[in-house]
Amino acid sequence: MAVKVKLEKDGFKKDAYVGFSWTTLFLGIWVPSFRLDLKGFLVFLGIMLFQTSVLLLAIIKFLNDFRVEVIPIFFFLFLGIGYIVGFLLAFFYNKIYTKNMLLDGWKPMDNDEYSLTILANYGYIEYEIDEKDEEKIARCERYIRETKREERRKLLITIIPVIFIVIVVFFTIFGLISMITTMRNIGY
């Protein structure tokens, strides 16, 4: 999960998020719909429709040209690109969502020190702390330190499966190309 902060507008409170979005990585298009983010939903829907149409058009073209052996290679490339796009969406969606909320008039509550500190640390707002209030400075530094440590941990947990998936896709494509080449050499 990303770091959750609370925002307020006209007496209503809503959660905003900063950092990498695990839910976007795994649930994709459903995240903007759960958050009632119409713009985000339409962007995700457009990306999903584009990816699907490219895959279907390529399959139709390869079938018309009787090049069936290319379909698995293209399919695995499509999956690899899909993972990359999903990772990029997960990386940027919370930032775009929170910035749009702030532009729409949502603001952190004045007494919510944690949200103010996190939003200021990520560069969304400016937050000044009185230099004489050492206790508040120490609390804010602790919030930042804990948040950064948690985000680094999440990044490592994300990178390891991504590297594994890239390696599996690479070797699968390499294996398919080798198999097709061998089959052509022996006359199939």
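Colleague: Hi! Is Asp-10 buried or exposed?

Modeller: Asp-10 counts as exposed, because its relative accessibility is 69%, over the 50% cut-off. Keep in mind that this is a predicted model.

Colleague: Thanks. Where does Asp-10 sit?

Modeller: Asp-10 is in the loop between S1 and S2. Its phi is positive, about 50 degrees, although Asp-10 is not a glycine.

Colleague: And what about Leu-36, what is its phi?

Modeller: Leu-36 has a phi near 60 degrees, again a positive value in a residue other than glycine. Leu-36 belongs to the loop between helix H2 (30–34) and H3, and with a relative accessible area of 74% it is exposed.

Colleague: Back to the strands. In what order do they come in the sheet?

Modeller: The order is S2-S1-S3, in an open sheet of 3 strands with antiparallel pairing. S2 (12–18) and S3 (107–108) are the edge strands, each pairing on one side only.

Colleague: How many bridges join S1 and S2?

Modeller: S1 (residues 3–9) pairs with S2 over 7 bridges. As one example, Lys-4 has Tyr-17 in S2 as its bridge partner.

Colleague: Which helix lies across the strands?

Modeller: That's H5 (residues 113–121), which lies across S1, S2 and S3 and runs at about 110 degrees to S1.

Colleague: New topic: what span should H3 have?

Modeller: H3 (residues 38–64) has 27 residues, so at 1.5 Å a residue it should span 39 Å. The end C-alpha atoms are 38 Å apart, which agrees.

Colleague: Which residues in H3 are buried?

Modeller: Buried residues in H3 are Gly-40, Phe-44, Gln-51, Leu-55, Ala-58 and Phe-62.

Methods:
Residues numbered from 1 in each chain as written. Predicted model: local features only at pLDDT ≥ 70, side-chain atom pairs only at ≥ 80, totals over all residues. Heavy atoms only, no water. Helix = DSSP H or I, 4+ residues; strand = E, 2+ residues; numbered from the N terminus. Expected span 1.5 Å × (residues − 1). Buried < 20%, exposed > 50% of the residue type's maximum accessible area, 1.4 Å probe, protein only. Pairing = 2+ DSSP bridges. Contact = heavy atoms within 4.5 Å. Axes fitted to C-alpha atoms, helices over the stretch in contact; angles between N-to-C directions.
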